[in-house]
Number of protein chains: 2
Amino acid sequence: MTGSGTDRTRPSIAGQAPIVILVEPQLAENIGMCARAMANFGLTELRLVAPRDGWPSGGGLKKGATAAASGATHILDNARLFPDAAAAIADLNHVLATTARERGQMKRVFTPAEAMPGLSERIATGERVGILFGRERIGLTNEEISFADAILTFPVNPAFASLNLAQAVLLCGYEWLKTNGGEPGFRENNPSPPASRATVLSMFDYLEGELDRCGFFPPGKKPIMTANLRDILHRLDMTEQEARTLRGVFKSLAEGPRAGREPKA
Amino acid sequence: MTGSGTDRTRPSIAGQAPIVILVEPQLAENIGMCARAMANFGLTELRLVAPRDGWPSGGGLKKGATAAASGATHILDNARLFPDAAAAIADLNHVLATTARERGQMKRVFTPAEAMPGLSERIATGERVGILFGRERIGLTNEEISFADAILTFPVNPAFASLNLAQAVLLCGYEWLKTNGGEPGFRENNPSPPASRATVLSMFDYLEGELDRCGFFPPGKKPIMTANLRDILHRLDMTEQEARTLRGVFKSLAEGPRAGREPKA
């Protein structure tokens with residue numbers, strides 16, 4: 001469960017992955033944020049189709065993108081430039097086109113979660129796979145979508161369906177990594193084993209004895225109150241260390257201030 | 001499969017959902033992008049803990065956030081301000097804290113996909129649930145994390161694990177909506193039923209007859225070439241309309257230019 005020490009980057013993550021193709025992106029910041037989102041989930045290859053302000057000769061565009069990429073500069077540095085979508089996908093074997101709205105084309109429609117297992121299989125058998133993302137405001141043209149094998153769309157709130165470009169890339173990367181063994185960087189880190197019943201029962205005995213001594217239980221109520229108290233404490237599903245800590249807490253309360261251990265004024 | 005006409009916003013989406021709590025966010029743009037990401041996936045309630053530049057009296061901050069929210073202004077307008085994280089969660093029943101790195105706390109650790117079914121159950125039974133997101137650079141303090149019932153973290157590329165604030169919110173919203181019946185806005189829209197075998201066989205008959213007439217089949221090769229051709233065409237898994245269209249294509253090619261239908265020069 002800890003995950004530490006295991007290799008969380010399976011070869012398929014570091015190696016081949018879907019290629020992200022941005023068609024006529026306008027804002028440098030969006031290109032940079034796409035690169036960051038790709039890096040977050042192990043996508044590595046970025047293609048740019050005719051970015052509005054040029055690349056990299058535009059200078060300003062690449063600089064702005066680099067600032068937004070938050071360190072994913074290797075992806076920007078290796079980005080390849082193409083004049084149109086057809087050229088950008090010419091060497092690929094399988095292409096998905098993203099769109100938020102129906103285009104009247106009779107293609108299969110997948111969500112990222114539905115598409116990624118199939119893309120993984122294709123990539124594992126050596127196919128080169130790309131995902132087309134359209135312009136910030138108007139998306140892909142119908143002709144560009146017609147180049148694709150299938151459509152990728154996102155399960156969003158229909159009342160507010162407009163996804164930011166980088167966030168569409170992010171969801172593809174996220175589902176890609178989930179499909180390929182992505183795990184969080186850490187898991188619950190509890191070095192103590194679950195408490196033994198003996199430790200728990202000994203804690204109960206101590207607590208109930210001290211409560212008896214303090215006059216906590218009204219006449220005749222001890223059995224039901226003890227049962228309730230045990231229910232509460234059992235629900236903690238304590239570790240051995242937690243049971244010992246809690247026993248120490250009860251003991252400290254029962255014994256009260258001790259010489260040399262009184263709190264400072 | 002089309003989804004059209006069905007109510008894609010289940011009551012739990014429009015109604016109660018996890019509350020997003022941003023602790024000391026610095027950049028107005030990030031607050032706005034969080035609001036947009038929330039709206040994309042049906043989260044509605046935003047709480048801000050001591051945003052660096054004030055809210056809304058800061059003026060500038062709220063204006064910048066509104067620009068980045070791309071229309072999700074209802075979320076910003078209803079955002080509530082709190083002086084600290086403890087105050088922001090005081091009325092909640094269950095709280096998750098997001099963090100990208102292990103904090104040495106013995107809490108359960110969930111990914112968004114793992115956490116959302118449980119949060120849904122809690123919300124369905126009337127609990128109020130919140131998710132704490134930390135400062136852009138340094139995240140939540142250990143004390144703020146100690147307020148939470150469990151930790152939420154993201155399965156990312158360990159070599160590039162730093163998620164943008166809005167993208168962390170986005171992934172929570174995305175998994176929330178997936179858990180609560182989120183569907184893409186459209187599905188494959190093919191009004192024609194699958195082709196009947198009769199239509200397909202009739203198309204084969206026509207094609208093979210014309211190819212015979214054209215001398216397409218070398219001597220003795222017709223059976224194997226016919227079988228290969230049928231394999232290719234069967235793989236199309238055609239609709240009735242597609243089979244008719246393809247037959248029309250073959251017919252047009254076989255008949256060649258017709259009077260009055262010749263292409264313009």
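1. Does A243(B) count as buried or exposed? Its relative accessibility is 1%. Buried means under 20% relative accessible area, so A243(B) counts as buried. This is a predicted model, and the points below should be read with that in mind.

2. Stay with A243(B) for its surroundings. The residue lies in helix α11 of chain B, which spans residues 240–255. Leaving out residues up to four places away in sequence, A243(B) touches A195(B), T199(B), M203(B) and M238(B). S202(B) is 41 residues away from A243(B) along the chain. The C-alpha atoms of A243(B) and S202(B) are separated by 9.5 Å.

3. Next, chain A as a whole. It has 265 residues, and buried residues make up 46% of them. Its secondary structure comes to 11 helices and 7 strands. Take the contacts in chain A between residues at least 6 apart in sequence: 82% of these join residues at least 24 apart.

4. The sheet of chain A is open and has 7 strands. The order is β3-β2-β1-β6-β4-β7-β5, with parallel pairing. Strands β3 (80–82) and β5 (108–110) of chain A stand at the edges. Each has a single partner strand, so one side of each is left without a neighbour in the sheet. On average, neighbouring strands of this sheet are turned by 25° against each other, direction ignored. Helix α8 of chain A, residues 165–179, packs on this sheet. Helix α8(A) touches β1, β6 and β7 (150–152) of chain A. The direction of α8(A) makes about 155° with that of β6(A).

5. What does β1(A) pair with over 4 bridges in the parallel sense? One partner is strand β6 of chain A, residues 129–133. In that pairing, the bridge partner of I19(A) is G130(A). Strand β2 of chain A, residues 46–49, also runs parallel to β1(A) and is joined to it by 4 bridges. In β2(A), R47(A) is the bridge partner of I21(A), and L46(A) is the bridge partner of V20(A).

6. L46(A) turns up again in the nonpolar core. The largest such core has 96 residues. L22(A), L46(A), L22(B) and L46(B) touch the most other members. Setting aside neighbours within four places in sequence, the contacts of L46(A) include V20(A), L22(A), I31(A), M38(A) and I75(A). L76(A), N78(A), A79(A) and R80(A) are also in contact with L46(A).

7. One helix residue in chain A is worth a look. S120(A) lies in helix α6 of chain A, residues 112–124. Its relative accessible area is 12%, so S120(A) is buried. S120(A) touches W176(A), T179(A) and N180(A), not counting residues up to four places away in sequence.

8. Now the sheet of chain B. Its 7 strands form an open sheet in the order β3-β2-β1-β6-β4-β7-β5, and the pairing is parallel. At the edges stand β3 (80–82) and β5 (108–110) of chain B. Each of these has a single partner strand, so one side is left without a neighbour in the sheet. Neighbouring strands are turned by 25° against each other on average, direction ignored.

9. Two details from chain B follow. Strand β4(B), residues 94–98, and strand β7(B), residues 150–152, pair in the parallel sense over 3 bridges. In β7(B), A150(B) is the bridge partner of L96(B). Helix α6 of chain B, residues 112–124, lies across β4, β5, β6 (129–133) and β7 of chain B. Helix α6(B) runs at about 145° to β6(B).

10. Last, the interface. The contact takes 57 residues from chain A and 58 residues from chain B. Between them, the two chains bury about 4700 Å², 59% of it on carbon and sulfur atoms. How many salt bridges are found across the interface of chain A and chain B? The rule finds 4. E114(A) forms a salt bridge with R187(B). The closest N and O atoms of E114(A) and R187(B) are 2.7 Å apart.

Key
Residues numbered from 1 in each chain as written. Chains lettered and ligands numbered in written order. Predicted model: local features only at pLDDT ≥ 70, side-chain atom pairs only at ≥ 80, totals over all residues. Heavy atoms only, no water. Core = buried A, V, L, I, M, F, W, Y, C linked by side-chain atoms within 4.5 Å. Buried < 20%, exposed > 50% of the residue type's maximum accessible area, 1.4 Å probe, protein only. Contact = heavy atoms within 4.5 Å. Pairing = 2+ DSSP bridges. Axes fitted to C-alpha atoms, helices over the stretch in contact; angles between N-to-C directions. Buried area = accessible area lost by both parts, 1.4 Å probe. Salt bridge = Lys/Arg side-chain N within 4 Å of Asp/Glu carboxyl O.
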